[in-house]
Amino acid sequence: MSAALGSDGPVVVVGGGVVGLCTAYYLARAGLEVEIVERRALGSGASRGNAGWVCLSHSTPVPAPGVVRYALRSLGRPDSPLYVRPLPDPAFVRWLWRFWRSSTPAAFRHGYTAVAELNRSTFDLFDGLREAGVETTLTRPGMVHAFLSPAEARHHLAVQREMADGRYPMPDDVVTGDRARLLDGALSSRVRAAYLVEGEGVVDPEAFARGLGEALTALGVKIHEDVEALGFRTSAGRVTALRTAQAEIPCAGVVIAAGMRSTGLLSSLGGPLPLQAGKGYSFSVDLDPAPRHTLYFGERRAVASPIGATTRIGGTMELSGNNNRLDWRRIVAVALASRHYLGRWFDDPDDLVSLIRDPWVGGRPFLPDGLPVIDRVPGYGNAFAATGHGMLGVTLGPVTGHTLAEYVLTGRRPETLAPFRFDRA
């Protein structure tokens with residue numbers, strides 16, 4: 001048993017999204033007794049309706065130079081790709097202030113570098129999961145970045161090339177004019193510039209979560225679904241049990257990977273985090289032709305992913321409090337944004353009700369600097385947190401789980417986790 005853990009009982013992972021499932025998987029593979037507690041079904045939260053990207057070139061913090069100015073222009077415009085609805089809450093105002101402070105070029109570069117270093121083994125870990133029998137569903141068709149303006153495309157590529165700093169391959173230039181559409185047959189004639197980042201991946205996030213759940217069951221992990229975690233029993237700086245609505249679960253240690261619900265659980269341990277829900281929207285549609293690659297629609301900040309036999313279109317970042325209210329105007333806004341790049345796959349917004357499937361909204365947990373917390377909870381020797389991954393939960397799930405498992409097992413923080421410390425938040 002690790003020095004970081006108690007002597008008896010399982011390590012309890014609170015949260016059955018991709019991050020929690022991956023953490024539980026690597027702990028169980030290391031021979032620890034593990035249990036998972038999820039208040040709904042595995043993979044039913046922010047892991048369910050996302051675009052499924054596994055990517056290096058778009059693993060960037062949301063706070064970036066210019067993003068605050070862009071957000072201010074969204075005030076009063078619920079159809080904007082980035083929408084902020086001011087809340088009469090001092091904590092929200094403080095969060096926005098810290099978000100603004102994190103949007104400098106230096107802070108963005110620091111965050112990008114931290115995520116890029118953590119991400120180095122991402123695809124190797126996905127390969128390892130597949131070789132171990134986990135149905136990851138990962139394919140690597142590459143990502144096409146599509147733009148209506150060649151100047152915007154070149155600016156975007158220049159920033160990405162600088163940030164990549166040789167860690168992963170980027171193209172030398174953009175393809176312009178009618179040739180841009182040749183990168184993917186689903187693109188419309190309005191796309192005037194594009195470039196392909198080869199090797200970027202996509203998974204079916206629901207199927208990936210199911211595959212992880214099946215692998216965990218085979219490893220003997222006990223999974224508690226539809227069980228609400230309420231808090232903890234503690235003694236002498238250690239967590240000794242998880243309290244749930246049904247019963248207490250004695251534990252040797254705990255990992256809190258519960259998305260937006262992590263805040264309340266961490267607060268009960270005296271370590272609250274300033275998380276805000278960055279709401280994203282998506283839906284599925286049958287397109288002809290369907291995209292062969294994952295697509296990023298540059299000016300409108302929307303995306304499309306080939307997932308199984310369908311196309312999932314998603315986008316928007318809505319800061320309007322911690323809720324899962326689906327605003328149909330946001331679905332329409334994403335669909336209209338996609339039409340600039342995919343052509344008129346619908347004529348009237350009223351048609352969308354019959355054309356799209358699975359409209360989804362999810363509250364992705366964000367810290368003001370856009371980076372997750374992957375660390376030991378201050379004041380507790382056997383409590384850890386893995387939350388705040390925002391839009392990167394699927395991409396960073398395996399590397400978060402693998403690296404945090406190393407931390408739990410050895411009691412020593414891996415160097416790559418230093419930028420994701422609890423005390424920086």
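**Note on selected helices, strands and loop residues**

1. Ser305 is placed in strand β16 (residues 302–307); helices (H or I, at least four residues) and strands (E, at least two) are DSSP runs, numbered from the N terminus. The model is a predicted one, in which local features need pLDDT of at least 70 and side-chain atom pairs count only at pLDDT 80 or more, whereas totals for chains, interfaces and linings use all residues. Residues are numbered from 1 along each chain as its sequence is written, and side-chain values use heavy atoms, with hydrogens and water left out.

2. Ser305 has a relative accessibility of 0% and therefore counts as buried (buried means under 20% relative accessible area, exposed over 50%, and partly exposed in between, with a 1.4 Å probe and protein chains only). Its side chain reaches the backbone oxygen of Ala51 at 2.8 Å. This is a polar contact, that is, a pair of N or O atoms within 3.5 Å; within protein, one must be able to donate a hydrogen and the other to accept it, and residues adjacent in sequence count only if both atoms are side-chain atoms. Not counting residues up to four places away in sequence, Ser305 touches Ala51, Trp53, Val202, Thr294, Thr310, Thr311 and Arg312, where contact means heavy atoms within 4.5 Å.

3. Ser282 is buried, with a relative accessible area of 3%. A polar atom of its side chain lies 2.6 Å from the backbone oxygen of Gly49. With neighbours within four places in sequence set aside, the contacts of Ser282 are Gly49, Arg312, Ile313, Gly314, Ile331, Asp358, Pro359 and Trp360.

4. Ile331, one of those contacts of Ser282, is also among the buried residues of α9. Helix α9 (residues 328–342) has 15 residues and reaches 21 Å from its first C-alpha to its last, close to the 21 Å expected at 1.5 Å a residue; the expected span is 1.5 Å times one less than the number of residues. Twelve of the 15 residues are buried, so α9 is largely enclosed by the rest of the structure. Just after α9, Gly343 takes a positive phi of about 85 degrees.

5. Helix α4 (residues 105–118) has 14 residues and should span 20 Å, which agrees with the 20 Å between its end C-alpha atoms. Its buried residues are Phe108, Gly111, Tyr112, Ala114, Val115, Ala116 and Leu118, and they pack against α6 (150–164), β19 (373–376) and α11 (393–410).

6. How are α4 and α6 arranged, by angle and by distance between axes? They pack at an angle of about 60 degrees, with their axes 10 Å apart; axes are lines fitted to C-alpha atoms, for helices over the stretch in contact, and angles run from 0 to 180 degrees between N-to-C directions. The two helices are therefore oblique to each other (angles under 35 degrees count as roughly parallel, over 145 as roughly antiparallel, 65 to 115 as roughly perpendicular and the rest as oblique). Phe108, Arg109 and Tyr112 of α4 make the contact with Gln160, Glu162, Met163 and Ala164 of α6. By class, this contact has four nonpolar, one polar and two charged residues; Ala, Val, Leu, Ile, Met, Phe, Trp, Tyr, Cys and Pro count as nonpolar, Asp, Glu, Lys and Arg as charged, and the others, Gly among them, as polar.

7. Helix α11 also meets helix α5 (residues 122–131): their axes come within 9 Å and cross at roughly 80 degrees. That makes α5 roughly perpendicular to α11. Thr122, Leu125, Phe126 and Leu129 in α5 meet Val394, Thr395, Pro398, Val399 and His402 in α11. The residues of this contact divide into six nonpolar, three polar and no charged.

8. Glu135 lies in the loop between α5 and β5 (143–147). Glu135 is exposed, with a relative accessible area of 51%, and is in contact with Ala207, Phe208 and Gly211, leaving aside neighbours within four places in sequence. Ala207, Phe208 and Gly211 are among the buried residues of α7.

9. The peptide bond from Asp288 to Pro289 is cis, with omega near 0 degrees, and Pro289 is found in the loop between β14 and β15 (294–297). Thr316, in strand β17 (residues 310–319), has a positive phi of about 75 degrees although it is not a glycine.
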